Amino acid sequence: MDTSLITTSTSLEGYKIVKHLGVVRGITVRSRSALGNIAGGFQSLFGGRLSIYVELCERTREEAYQLLVQHASAIGANAIINMRYDANEVM
């Protein structure tokens with residue numbers, strides 16, 4: 001799949017949608033190790049950017065994106081329209 005044909009917009013300028021193949025998704029769940037959570041706890045004591053959690057979120061987002069592209073390719077899609085990211089905290 002050409003990743004330039006993935007958009008958060010409701011349309012893709014210059015292209016006509018001729019067939020809707022349904023919803024595609026990329027979902028993943030990740031957690032830090034106990035040591036990572038301790039390190040994050042220490043970072044939070046001093047305030048500012050929590051780099052250990054930022055890195056986790058970035059890796060998780062990239063993994064979800066790749067799963068989304070794989071799912072779309074598997075059903076024969078050549079574009080993804082109106083893509084969205086969502087994140088939840090599960091405790």
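The structure is a predicted model, in which local features need pLDDT of at least 70 and side-chain atom pairs count only at pLDDT 80 or more, whereas totals for chains, interfaces and linings use all residues. Residues are numbered from 1 along each chain as its sequence is written, and side-chain values use heavy atoms, with hydrogens and water left out.

The secondary structure of the chain consists of two helices and zero strands, where helices (H or I, at least four residues) and strands (E, at least two) are DSSP runs numbered from the N terminus. The radius of gyration is 17 Å, well over the 12 Å that the globule rule gives for 91 residues, so the chain is more spread out than a compact globule; the radius is taken over C-alpha atoms, and the rule is 2.2 Å times the number of residues to the power 0.38. Along its principal axes, the C-alpha trace spans about 55 × 25 × 20 Å. Among contacts (heavy atoms within 4.5 Å) between residues at least 6 apart in sequence, 73% join residues at least 24 apart.

Two residues were examined individually. Thr60 lies in helix α2, which covers residues 51-74, and counts as buried at 18% relative accessibility. The side chain of Thr60 reaches the backbone oxygen of Leu56 at 2.7 Å, and, when neighbours within four places in sequence are left aside, Thr60 is in contact with Thr28 and Arg30.

Arg84, by comparison, is found in the segment after α2 and is exposed, with a relative accessible area of 56%. The side chain of Arg84 makes a polar contact with the side chain of Asn82 at 2.8 Å, a polar contact being a pair of N or O atoms within 3.5 Å of which, within protein, one must be able to donate a hydrogen and the other to accept it, while residues adjacent in sequence count only if both atoms are side-chain atoms. The Arg84 side chain also reaches the backbone oxygen of Thr8 at 2.7 Å.

Conventions
Buried < 20%, exposed > 50% of the residue type's maximum accessible area, 1.4 Å probe, protein only.
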